[in-house]
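The entries below follow the order in which I took them.

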Amino acid sequence: MEFYVETNYFDHDGLMNACGKGRDDYFEVLRRCGLKCIRISMLKREAGVSFVERIRIERGLVRTWNRALKDLGEGDTLFIHTPPSEKFTGLTSVIRKVRKRGCQIGVIVFDLEEFITPYYRKAAALKYRISRRQEAQLFRLADVMIVHNSEMKDYVSSMGIDPEIIVPVGVMDYLSDEPIDPDKTRKNTGKDLPVVFCGGLTPGKAGFLNNIPDELFLDVYGTGHQGRFPRNIDYRGAFDSMELMEIIRGSFGLVWDGCTADTCDGASGEYLKYNNPHKMALYLASGLPVIVWDESAMAEFVTKEKCGLTVADLGMIPDILRSLSNEDYELMRINACRIGSGMRKGVHISTAVERALGLLK
């Protein structure tokens, strides 16, 4: 039989961001593809526990995972996701035991440690090295892998993983039980409306908001901003991931990370070269065309599908919008709705899962 492990952040429910929705959507698509869920609950714990307490927690997690997976063996397939919600050094030994019993292992890459834990390099160098090593070990145990896109596939294969077992999703999905309403999206979009930005507003991820060109007007949604916004930014508040689909109204959805408007910089900016940003799926699933960095992994997709614009820096946007014809914008809007309809159904993830299962068979 085919199974998947479902873990999640203990505190993601109710947060005014989408940190849990991407994982939840993956789990839902896996269920729709016929895989059986093995739920492994994560325990809430305080940060900064002692070394002895950490050992106790690690041993408890190993026991929990071993019990949950004890019946898997020959003829079974298990998909795990990385990074796990609760990291522990014994995970690879648990999966190695399952694999030795004849169970095939699939690894779904939600994020790469290289980009999600850059601050560990100085602040917690040992923890960073352990996370990177465990990630590589899990990759080497995989019989098949599902990654974000072809750029991430190349990155993972450069770690010594056979590219023939790596399946790219292509672009992120954003599940919704409601289909796109063409009349509503037509009312909520227009090339003369402000550009929309949704996401975490902390300085490391969205410091560029303090440096945007004076002629670029943004409607901003999210949490974590410090200080005051420039006059050309209208802060609209924080909403959960499903509410945002009904609320956002604008010309384009902006996919940008880092501290500067000139390029996407820092670890989060560099990660745009490899990942499928969840905010891009939000925009398209809402029927909103997108603006992405021209060096990002999504630039080729946007250009091919004609669902938005690619720019080298944010200073280009005002001139591009002024010269954009109504006909060209309408084509982008229609294509955004077409792609977004598929995202709401989970077509990209489900296609990748079916391809991965086909490779195993």
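I looked up Val-220 and placed it in strand β8, residues 218–221. For secondary structure I used DSSP runs numbered from the N terminus, with helices as H or I of at least four residues and strands as E of at least two. Val-220 is buried, because its relative accessibility is 0%. My cut-offs for accessible area are under 20% for buried, over 50% for exposed and partly exposed in between, with a 1.4 Å probe and protein chains only.

The model is predicted, so I note the limits: local features need pLDDT of at least 70, side-chain atom pairs count only at pLDDT 80 or more, and totals for chains, interfaces and linings use all residues. Residues are numbered from 1 along each chain as its sequence is written, and side-chain values use heavy atoms, with hydrogens and water left out.

Next I listed what Val-220 touches, where contact means heavy atoms within 4.5 Å. Setting aside neighbours within four places in sequence, Val-220 contacts Phe-197, Leu-201, Leu-209, Phe-229, Ile-233, Asp-234, Tyr-235, Arg-236 and Gly-237. I also checked Ile-248, which is 28 residues from Val-220 in sequence and 9.5 Å from it in space, C-alpha to C-alpha.

Entry on the cores. I took a nonpolar core as a set of buried Ala, Val, Leu, Ile, Met, Phe, Trp, Tyr and Cys residues joined through side-chain atoms within 4.5 Å. The largest has 76 residues, and Phe-79, Leu-254, Met-280 and Tyr-283 have the most contacts inside it. For Met-280, with neighbours within four places in sequence left out, I found contacts to Val-171, Val-255, Val-290, Val-292, Met-298, Phe-301 and Val-302. A second core is separate and has 36 residues, including Phe-3, Val-109, Leu-138 and Val-147.

Entry on a helix pair. How do α12 and α15 cross? The axes of α12 (residues 278–285) and α15 (residues 326–345) come within 7 Å and cross at roughly 115°. That makes α12 roughly perpendicular to α15. The axes are lines fitted to C-alpha atoms, for helices over the stretch in contact, and the angles run from 0 to 180 degrees between N-to-C directions. The angle classes are roughly parallel under 35 degrees, roughly antiparallel over 145, roughly perpendicular from 65 to 115, and oblique for the rest.

I recorded the crossing of α12 and α15 as left-handed. That term applies if the near helix is turned anticlockwise from the far one by less than a right angle; clockwise gives right-handed. On the α12 side the contact uses Ala-281, Leu-284 and Ala-285, and on the α15 side Ala-336, Ile-339, Gly-340, Met-343 and Arg-344. By class I have six nonpolar, one polar and one charged residues in this contact. Here Ala, Val, Leu, Ile, Met, Phe, Trp, Tyr, Cys and Pro count as nonpolar, Asp, Glu, Lys and Arg as charged, and the others, Gly among them, as polar.

I stayed on α15 for two residues. Arg-338 belongs to this helix and is partly exposed at 44% relative accessibility. Not counting residues up to four places away in sequence, Asn-335 touches Glu-305, Lys-306 and Cys-307.

Entry on backbone exceptions. Most residues other than glycine have a negative phi, and most peptide bonds are trans. Lys-306 is not a glycine, yet its phi is positive, about 55°. I placed Lys-306 in the loop between α13 (299–305) and β12 (308–311); at 48% relative accessibility it is partly exposed. A cis peptide bond joins Thr-82 and Pro-83, with omega about 0°. Pro-83 sits in the loop between β3 (77–82) and α3 (91–100).

Last entry, on α2. Glu-58 is in this helix, residues 51–69. Is Glu-58 buried or exposed? Glu-58 is buried, with a relative accessible area of 15%. Outside the four places either way in sequence, Glu-58 touches Lys-87, Phe-88, Thr-89 and Gly-90.
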